[in-house]
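Welcome! Take a look at the structure before you start.

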Amino acid sequence: MLRVIRLYFRFLGLHLRALLEYQSDFWVMAVATVLMQVVNLVFLAAVFAKVPSLNGWSFWAVVAMFAMMAIAEGVGSFFFEGTWRLSNAINEGTLDYALVRPYPVVLQVTSAEVGINGLTNIVTGGAMLTVALTRVDVDWSVLMVLLAVVLLLGAVFIKVAVNLATNSISFWLSGPSPMFAMAVHQVGELARFPLSVYPLALKATLGFVVPFAFISTFPISFLMNAGSTPWLGLLTPLVAVYCVGIALVVFSRGLRRYESAGN
């Protein structure tokens with residue numbers, strides 16, 4: 001297991017060094033990502049300048065939800081960006097290389113690229129979350145800190161698993177672009193806001209069908225003891241395990257369908 005992890009980070013290191021050869025690209029992407037988060041904060045500030053709360057949620061509570069999504073997306077992009085290249089690898093047949101190497105195919109796929117924007121998302125999202133949690137009413141203790149860390153890790157794994165599962169649908173599709181995964185990703189953007197602001201159909205979609213709400217609303221609800229069902233936040237690690245299991249099953253079944261390019 002340690003060898004597998006060491007090789008994984010070695011692969012990422014190779015891609016990272018290659019990207020850093022073009023420093024201007026790195027800084028442009030980093031600045032663009034930071035500006036995106038600034039725009040999000042300005043947008044939220046403009047909304048809360050007109051309303052005192054969003055269906056009972058304060059400004060800083062929603063900022064914490066935005067931050068959770070930013071961190072989860074950042075980790076997914078920086079450490080698992082290769083997932084988004086799976087459809088292209090299937091279409092061009094370059095997945096063949098992964099099949100003949102003595103290393104898990106799924107890890108070769110996820111480590112095939114590094115997303116520099118993910119690093120800045122992690123940093124800015126972490127800063128937003130830290131500030132937001134100091135501004136909301138949380139009864140901090142050693143146990144609560146540990147739970148917060150577990151919930152954050154669970155949220156990250158949910159996002160990564162959803163990305164893998166939805167991109168693995170490309171095994172059943174013929175296009176070189178991950179259109180299905182991108183569509184689900186766009187739906188997930190709705191989870192930046194509290195689940196309670198949406199109609200029942202969207203609540204069911206974001207809460208259970210594709211559980212993006214366990215990345216943002218439910219963990220923050222538990223930490224703040226807010227909302228009608230804050231205890232749902234405690235299910236985040238279990239939902240993460242379920243999502244990872246589903247993602248691996250979908251990937252493995254899709255891999256069995258793979259016939260290389262031209263067949």
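A salt bridge is a side-chain nitrogen of Lys or Arg within 4 Å of a carboxyl oxygen of Asp or Glu. This is a predicted model, in which local features need pLDDT of at least 70 and side-chain atom pairs count only at pLDDT 80 or more, while totals for chains, interfaces and linings use all residues. Residues are numbered from 1 along each chain as its sequence is written, and side-chain values use heavy atoms, leaving out hydrogens and water.

**Exercise 1.** Find which network Arg192 belongs to.

Solution. 
- Step 1: Arg192 pairs with Glu189, with 2.9 Å between the closest N and O atoms.
- Step 2: Glu73 also meets Arg192 in a salt bridge, at 3.2 Å from N to O. This pair links distant parts of the chain, 119 residues apart: Glu73 lies in helix H3 (residues 59–80), and Arg192 in the loop between helix H9 (179–188) and helix H10 (200–209). Helices (H or I, at least four residues) are DSSP runs, numbered from the N terminus.
- Step 3: Through shared partners, Glu73, Glu189 and Arg192 are joined into one network.

**Exercise 2.** Decide why Arg192 counts as buried but Glu189 as partly exposed.

Solution. 
- Step 1: Recall the cut-offs: buried means under 20% relative accessible area, exposed over 50%, and partly exposed in between (1.4 Å probe, protein chains only).
- Step 2: Arg192 is buried because its relative accessibility is 8%.
- Step 3: Glu189 has a relative accessible area of 24%, so Glu189 is partly exposed.

Technical notes. Helices (H or I, at least four residues) and strands (E, at least two) are DSSP runs, numbered from the N terminus.
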